[in-house]
Amino acid sequence: MADITSLEKLQRYFNSGATQSYSFRREQLKNLKASVLNHEHDLYDALYSDLKKSPEESWVTETGMVIAELNAALKNLRNWMAPEQAGTNLLNLPSGSKILKEPLGVVLIVGPWNYPFQLLINPLIGAMAAGNCIVLKPSEFAPATDAVMKKIIEDVFSKEYILYIQGDGATVIPEMMNNFTFGHVFYTGSTTVGKIIYKMAAERLVPVTLELGGKSPCIVESDANIKVAARRIAMTKFSNAGQMCVAPDYLLVHASVKDKLITALKETIQKFFSDKPEESYNYGKIINERQFNRITGYLSNGTIVHGGRTNKEKLFIEPTIITNVSSDAPVMKDEIFGPLLPIIPFTTTEEAKAVIDRHPNPLSLYIYTSSNKKENEWLKAVPAGGSCVNNSSWHLTNHHLPFGGRGFSGMGCYHGKYSFETFSHKRAVMKTPTWFDPDIKYPPFKGKLKLFKWVIR
Ligand code: NAD
C-alpha cells in the first residue's frame, strides 16, 4: 500500500526538477535496461510459473519487446525532447512560435496479468523518457512476475523517483487516486475496471490513457489465402493460451471457405502444439481457477469441432474451435480471453457487419483477403483501435505504430514516440519582439474592420 506521504515524496522529487534533464532520463533508461537484462532469467522462470510461457515466447512478447522499446527511446530521446519549431500566422508576426514537451508530474501506471511484464514496463519507458516520476501498480494475479519486477525496479531506482506498489487493485488504487492528484493515469485492463478508473480520475480532472479489451473480430473472405490465414490465426489466437487483448476473439468466415479453413486450422494446431497440447513446450496455461471456470463455461455454447479437453489441476484448456454458435450465447457476448475460437459463417458483408456491430469499436479488426477493394471496405466499415490485413495481432509489436483502442476498447495510445507524447504536455510558447508594436492592434478600433478582415482570413 502507498501512503500519501510516499506519493508526496515523489511529487517533491518531481518538483525539484531532478528528472528533467536529458542526461538524467538517458541514464535512468540505461539503468532500467541493465536491470531487465540482469534479471532476464528470473523473468523467464517467473513467466513460466505464472503462465507457462517458454523463454522464446517470453522474449518475443515480453522481454524483447521491452528491450526494443528501450532501445528506440534511447536512440530517439534527444529528438523527442527537442522543442518543436512552429509557424506563426500573419496576425501574430513577427512573433516566433515553438512547442515545448513538458513532463506531467507524478504519473500512475496500472498493469494487467496477461503480459504482466511488458504491459507494465513499456508504458514506464515512455513515462521515464518524458521526465516524470512514476508509481507502478502491477496485477496481483501474476505473483511470480510481480516479485521479479519489484526487484528490477528497486535494484536501480529510488522510491522517490519510481515507486512500486503491490496489492489488490480494488483497494490500493482508489486509496491513491482519491487522495492524490496524479499528472496522468495510464491503465491497461478490462473495460469494467477502466470505467472505475475513469470516474476516479474525473473527480480530480486527471487525464487518462485507457488500454482496454473487448471482442476483436477476424474476417476471412472467400479470396483469402487459407493456408497462411490458418497459420497466422492459430498463432495469435492460441499464443498465451488465448489470453491476449489483441487475439482474434472470433472468426467471421465466408461460408464458401469455412470447411477449408477449419481443416487448415486443425492441421495447424496439431503441428504447433502436437496431439497433446497439455504437454507442449509451445502452449501456455490459464492464469488461475477463476479464469479457468469462466472460459470452460463457454465450451457448451456451440459444437466443438476441435479440442475441448481440459485439466483443472494444470489449468489447461486445449486449443478449441466451436461452430453453430448463436449470437446470444455468452461466448459471443463476453470477451473470450482464452483458447476458444468460435467460427461464424457469413455470405454477405451486411450479415457479418451485423455481428460485429453488437460490440462497436473493437480494439482490433483483422481482415484476410487478397482484394484491396475488400480490405478498404472493411477498414472503412468498422471503426477499431488498430488493424492487420492478412495478419492478426502483430501490429502491436511495431513501435513505429500508435497502439490503443477507441470507445469501449479505450482511449489514447502509446509505443515509441507515441508513449513519449502520452506522458508529455505540449506547451505552446509564443515570443513577441518589442521593437514592433503597431497601433492597429490597440483601441480605438473604429474603422479598422476592413484591415482586420484582411489580416484574419
Ligand atoms: P483487470 O481490469 O481485472 O485488472 C487490471 C488492473 O486493474 C490490475 O492491476 C488490478 O489490480 C486493477 N484493478 C482491479 N480491480 C480494480 C478496481 N476495482 N479498481 C481499481 N483497480 C482495479 O484486468 P485483467 O483481468 O488484469 O486483464 C484482462 C483485461 O485486460 C482484458 O479485458 C483484456 O482485453 C484487457 N487488456 C487490454 C490490453 C490492451 O493493451 N488494450 C492489454 C492486456 C489486457
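The model is predicted. Its largest pocket has a volume of about 1,200 Å³, and the second largest pocket has about 410 Å³. Across the whole structure, a search finds 14 aromatic pairs.

**Largest pocket**

- The lining of the largest pocket is made of 50 residues.
- Nearest the pocket's centre are Tyr 187, Gly 189, Ser 190, Thr 191 and Val 193.
- By class, the lining holds 23 nonpolar, 16 polar and eleven charged residues.

**Second largest pocket**

- The second largest pocket is lined by 25 residues.
- Glu 57, Val 60, Thr 61, Met 235 and Ser 239 lie nearest its centre.
- At least two lining residues come from each of α4 (55–81), α5 (118–129), α9 (226–238) and α10 (258–273).
- The largest share, five residues, belongs to α4.
- The lining divides into 14 nonpolar, nine polar and two charged residues.
- Domain 1 (4–212 + 406–429) and domain 2 (217–397) each supply at least three residues of this lining.

**Aromatic rings**

- A pair of aromatic rings is described by the distance of the centres and the angle of the planes.
- Among the 14 aromatic pairs of the structure is the one formed by Phe 445 and Phe 452.
- The rings of Phe 445 and Phe 452 are 5.9 Å apart, centre to centre, with 65 degrees between the planes.
- That pair is edge-to-face, because planes over 60 degrees apart count as such.
- Phe 445 has 42% relative accessibility, so it counts as partly exposed.
- Phe 452 has 29% relative accessibility, so it also counts as partly exposed.
- One aromatic cluster is formed by Tyr 13, Phe 24, Phe 157 and Tyr 161.

**Charges over rings**

- Arg 78 lies over the face of Tyr 22, at 3.9 Å from the ring centre.
- Arg 457 has its charged end over the ring of Trp 454, 4.7 Å from the centre of that ring.

Key:
Residues numbered from 1 in each chain as written. Predicted model: local features only at pLDDT ≥ 70, side-chain atom pairs only at ≥ 80, totals over all residues. Heavy atoms only, no water. 1 Å grid on protein atoms, 1.4 Å probe; cavity = no way out; pocket = protein on both sides within 12 Å on 5 of 7 lines; lining within 4 Å. Points joined across faces, edges and corners; volume = space filled by probe spheres on them. Nonpolar A, V, L, I, M, F, W, Y, C, P; charged D, E, K, R; others polar. Helix = DSSP H or I, 4+ residues; strand = E, 2+ residues; numbered from the N terminus. Domains from an automatic or database assignment. Phe/Tyr/Trp six-rings, centres within 6.5 Å; stacked < 30°, edge-to-face > 60°. Buried < 20%, exposed > 50% of the residue type's maximum accessible area, 1.4 Å probe, protein only. Lys NZ or Arg CZ within 6 Å of the ring centre and 35° of its normal.
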